[in-house]
Amino acid sequence: MLLEIVGITKTFGGIRALDGVSFSVEKGAIHGLIGPNGAGKTTLINVLSGTAKPMEGRILLEGALIHSLPPYKVAALGIARTFQNIRLFAGMNCVENVIAGQHLKAKRQLLPRLLHLPSANREEREYRDKAMACLKRVGIEHRAAIPAGYLSYGERRRLEIARALALEPRILLLDEPVAGMRRRGIEQVGGLIRSLATQGMTILLIEHNMKFVMELCSRITVLNFGRVITTGAPSEVGRHPQVIEAYLGAEA
Amino acid sequence: MKNERFRKGYRLILVLILMVSVRSVTFAAGQEVKIGAALSMTGAAAAYGATQKNGIQLASDEINAAAGSDGIKIVPLFDDDASVPQQGINVYNKFINADRVALIIGPTLSNTAQVTNRIAQQSGVPVLAISNTAKGITDIGDYIFRDSLTEAVVIPNTIRVAKEKLGIKKVAILYGDDDAFTKGGYDAFKNALSEAGIEILSEMTFAKGDRNFSPQLTQLKSLNPDAIVVSALVEEASGILSQARQLGIPATVPIIGGNGFNSPALIKNAGESAEGVIVGAAWNMTSTNPLNKHFVDAYTNRFGSPPDQFAAQAYAGVYIALEAVKKAGSADNRKAIREAMAQIKDFDTVLGKFSFTAGRDADHTPVVQTVKGGKFVVFGE
Amino acid sequence: MSLLLQQLVNGLFIGSVYGLFAVGYTLVFGVLDILNMAHATVFTLGGLVALWLVEGSGMSIWAAFPLAVLFSGLLGLVLDRVAFAPLRQRSDTYFSGLISSIAMAIIFESAALGLFGAHTVRFPPNTIKTDIWRIEGVTITSLQVEIVLVALILMGALSLFLHRTRTGKAIRAVAESERTARLLGIHVDGIIASTFFVSSALGGAAGILFGLYFDALSPDMGRSIELKGLAVIVLGGMGSIPGAILGGLTFGLSEVLTVAVTGKSNLRDAVAFTVLFAVLLLRPEGLLGRRRAREV
Amino acid sequence: MAFLMHFFAVYGNLVNFIGINALMALGLYVTLSAGQLSLGNAAFAGIGGYTAGILTMQFHAPYILSITSGAMLSGIVAVLIGLPVLRLRGVFLAMATLSFGEVVRIAAVNLTITGGAQGLVGIPNKTTTGLIFTVLALTGYFMAKLRQSRIGWSFESIREDEAAAASLGVNTTFYKTVAFTIGAIISGLAGGMYAHLNFIISPGEFGFSAAVQLLIYNIVGGTRIWYGPLLGATLLTALPEVLRGIGVTAGPIRMCVNGIILLLVILFLPNGLISLLSRSSSIAGPRP
């Protein structure tokens, strides 16, 4: 079991955003995380990525405790994330955004650059090619030199994924990656996620688009008011009474 | 692509500096004396730069009017060092090398003078300081002169007269400790008081720009000293005087001040709480010497308010410079002007009979004044 | 004993002037999260204009005071229109707002220097008839009492305005969240302009009272209170009106007592800035402020 | 050749001040490039200046040693101050660094070793124009290369969005302290060189208005590329001379011109004058 979340509780003032959340994510799986707005999905991702500290509970990565680590240490363990409200580096162009994502993987030492060593230029070309490869993977390599602020909404979503891929992560936390995308964009991102999983990457996918989640995910966890209703295969979760009630209201 | 951008940026900067091309037109030698007045017209000392400018302008206009066709005319070039040494240096450089002035008057602040006079000394340009009272200004070199009496001369004389006339035995001191002028005054007061065997009950400080002195004055009042010695500039001084009287410090406890007090603004701002203040200074506003009477009247109706000590010393400075130029017989031979200035003895000025000491400091009788009926009068007359 | 009492009076008095100045300072920060560095120069111009009205056109102080306060308010509108409104859509509006207010401060101070000259000037001696009372060794002047009263009245009026009037409530809504306020149909730009009007008017008023009591007005009189005002609003809690008043009074008292005890006024400033430093680190929301300093 | 001699005679000091101000502006630039608004760099220049001056005068240390140790001391102080202060953001960080700056100024006024209000008098004039512009060129080169290194990319990421940078593995606290410390070292070095240029340094020169002036050099020049602040420092240091040359009367008008320039730049050229010289997005930044 790659990632285990055990009894995580997080409160903001009086509100219990997460209340004893426990589930685990298998290696190489595409694990869905769904729930109505305000269920605590984004809070959970913040806790997983170290941005927020939980009140109680533990998170284990291959048995090692990581819930008290700062965000940059969580990233160093190979956990990358995207943000619900897309936090791109607006002042940089697309390839630069991805290069910024190479922080952990690209040495880029100062000394060889100061001494103008040829190795520095070679290294730089290699990293740039890698960055272009990430852009290519999400299908926006033609926008490489455009400042991130100029991209369309769908393209910005994809650039954020590309930047996260630059980290060459083991686990990718996607916070509503296809929200507000058109049909064709959704299919492309779906294809990308499927190909990442086949190459061994584990993905935790937060999404409202039920069809998208049902098709892609091998296991799904449903959150409501900070509590886990159930975790299971898409078919089981789809028929679970409480899930229907949480989503479609009580009349079913 | 990268350094192309850099070259364009560099070219712009170069063009800008060259645009400030240097006007090196020289006036006909002989008849006109160019004097560079480096004053603080903005920044902390703007108030003093303003009255100094008036004094210099008044003196120059009088001289030029009286000079007629053959006489020597004064061409004053004013510039602002913004009370900052860095700009003072630039002003000096412009006067020395671009305008090629015969001599420089100023700068307003001692801190600036410490830096700028070094450049004048190296370039062999005489400097006549008109308000620097800090120690060491004239030690910078033999081209540096000063017509402003140092605190070391004025203050012991004040303490001596105050002790004689009022028999003070124990005093409290209040001084501004973050300004070279007021700190210098404090040091002079401290030595003078210990030499005169007067006990110092307590020393309290304030910062430049302060307006609220009631905490300090309340403490000092409780020690009931014979007198309160204050080293401050006129803004703070008037505040201290009015708040002291408001706090109930009786008129029987006089307040003794240094050069900073010697300005009509003190009486205007402090009102009747200035009565009885003792001011040791280098210029007696009400002296009946005809030169001074004329100066005070001319200044008052030209600028609408009576002159202060800064204006008087600036005014006298121009006449001293003229005297040196006349003696040197040349309007731009800096070395000759320096030699002539060093020999000035018992020259009549608004400050009284003026001569330079061997060390090129000012030498004339200081005055101790007090305020009676809203006017400065010589103390003890 | 009367010595301590006298120092308390001194402290409370100067504290109320600091409070009045700080209230305007923190109001703008509370609503816009922007530090208006030109506030101190409005403080100066308010005082100088009041003096010009009294001396220039022979107006009584009681007529000149409201006029000069109005003028200061108008200066606030100019500030908003020229330096803050154009930057509102920018992503770095907090940073650029600070810079544009520094630019306006420089322009206002040079205007004060140009129009009113560099000298320290004062109100004509009998602008306000002041009699001095001595109660068991403690000296209080009627001017001091009047100033404290006016300061308290203005601060009281401000909190009434903020809590009772429609515009006041709208200002507090914008302070909570500009976006929500806009959704609720509040004319945000108009409200922000009125915030600047009120803040600058209060700043100007503080300037006039300061000038009246200390008999000293000069183009750079704002400098001495600018950094102290900063310390006061941080101590009181950025954006909190009661915090600014409390901060002003505590600050005035601590300043007086430090000087009284140590006799060194520079130590007083050092204490002020160490307090500011400590509050920022340990309790950035200050005494009564809302927590804003370190959110992600 | 005579023209050059004459030019340097009149404007030699101005050129030196441009160099020193540019170097100090670069010190603040490093801190700004990581998105940290510091109003304490003038104080670091003060620490560097006073330390170097005291070392040369009282301990007769060799010039190069004294200015480098001044710079190092500023760096050490920056690390000590940086750790607590850099948790703060935006205006709060500005005010914390400002209060640190004022405490340093007040210390300089009160300590006898720093010469009190008079300042340090009699510092030997060792700094040459050549040294200033060599150090400036080297620092500029270092900045250009730093930008391409991992440290430079981390600064840029933190400046754009600190939370996103952390999620990519950037240790934001560490890199913010690095930016703060490198900035302090450069400011300290510039302060040390300034001390040996003018024979005297006084506390007033390193206070709040000096810190604001460094910020203005950066804003007017542009903070997206290292030679932006150089342009800002050059123009604004030369401006009083230009106005003097053109005959603009001394006094408040010049001060007003300064204010108006800063206002126009922040309103219409958010990325500074340097963005006029180049269209490339990395310098001009995205069109708002």
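This is a predicted model: local features need pLDDT of at least 70, side-chain atom pairs count only at pLDDT 80 or more; totals for chains, interfaces and linings use all residues.
View 1. Q36(D) sits in the loop that joins α1 (2-33) to α2 (41-58) of chain D. Its side chain reaches the backbone oxygen of A34(D) at 2.9 Å.

**View 2. A salt bridge between two helices of chain B.** Here R302(B) pairs with D61(B), and the closest N and O atoms are 2.7 Å apart. R302(B) belongs to helix α10 (residues 290-303) and D61(B) to helix α2 (residues 46-67), so the pair ties together parts of chain B that are 241 residues apart in sequence.

**View 3. A salt bridge within one helix of chain B.** E339(B) and K335(B) meet through their side chains in a salt bridge, at 3.1 Å from N to O. The two are four residues apart in helix α12 (residues 334-342) of chain B, and therefore separated by about one helical turn. An α-helix has 3.6 residues a turn, so residues three or four places apart point the same way. K335(B) is exposed, with a relative accessible area of 51%, while E339(B) is partly exposed at 30%.

**View 4. A buried salt bridge in chain C.** The side chains of D215(C) and R122(C) form a salt bridge at 3.6 Å, N to O. This pair links distant parts of the chain, 93 residues apart: D215(C) is in the loop between α8 (188-214) and α9 (221-236), and R122(C) is in the loop between α4 (93-116) and β1 (132-135). D215(C) is buried at 15% relative accessible area, and R122(C) is buried at 7%.

**View 5. A salt-bridge network in chain A.** R108(A), R113(A), E123(A), E124(A) and R128(A) are linked to one another in a network of salt bridges. For context, a search of the whole structure finds 42 salt bridges over all chains.

**View 6. A positive patch on chain C.** R164(C), R166(C), K169(C) and R172(C) form a positive surface patch. Helix α6 (residues 166-176) of chain C supplies the largest share of this patch, three residues. R166(C) has its place in that helix, and its 74% relative accessibility means that R166(C) counts as exposed.

**View 7. A nonpolar patch on chain C.** M1(C), L4(C), L5(C), L8(C) and L257(C) make a nonpolar surface patch of about 460 Å². Helix α1 (residues 2-32) of chain C gives the most to this patch, with three residues. M1(C) lies in the segment before α1 and counts as exposed at 72% relative accessibility.

**View 8. A mostly covered helix in chain B.** In helix α7 (residues 214-222) of chain B, seven of the nine residues are buried. They are S214(B), P215(B), Q216(B), L217(B), T218(B), Q219(B) and L220(B). Just after the helix, N224(B) takes a positive phi of about 25°.

**View 9. Backbone angles worth a second look.** Most residues other than glycine have a negative phi, and most peptide bonds are trans. The bond from G106(B) to P107(B) is cis, with omega near -15°, and P107(B) lies in the loop between β3 (103-105) and α4 (110-123) of chain B. D346(B), in the loop between α12 and β11 (347-349) of chain B, has a positive phi near 45°. In chain C, D33(C) has a positive phi of about 60° although it is not a glycine. D33(C) is found in the loop between α1 and α2 (39-56), and counts as buried at 18% relative accessibility.

**View 10. A partly exposed histidine in chain A.** H208(A) lies in the loop between β8 (202-206) and α8 (210-216) of chain A. With a relative accessible area of 30%, H208(A) is partly exposed. Its C-alpha atom is separated by 28 Å from that of Y72(A), a residue 136 positions away along the chain.

Terms used: Residues are numbered from 1 along each chain as its sequence is written. Chains are lettered from A and ligands numbered from 1 in the order in which they are written. Side-chain values use heavy atoms; hydrogens and water are left out. Patches are made of residues with over 30% relative accessible area and no salt bridge: like charges are joined within 9 Å, nonpolar side chains (Val, Leu, Ile, Met, Phe, Trp, Tyr) within 5 Å. Accessible areas come from the Shrake-Rupley method with a 1.4 Å probe; for residues, only the protein chains shown count as cover. A salt bridge is a side-chain nitrogen of Lys or Arg within 4 Å of a carboxyl oxygen of Asp or Glu. Lys and Arg count as positive and Asp and Glu as negative; His and the chain ends are not counted. The place of a charge is taken as NZ of Lys, CZ of Arg, CG of Asp or CD of Glu. Buried means under 20% relative accessible area, exposed over 50%, partly exposed in between (1.4 Å probe, protein chains only). A polar contact is a pair of N or O atoms within 3.5 Å; within protein, one must be able to donate a hydrogen and the other to accept it, and residues adjacent in sequence count only if both atoms are side-chain atoms.
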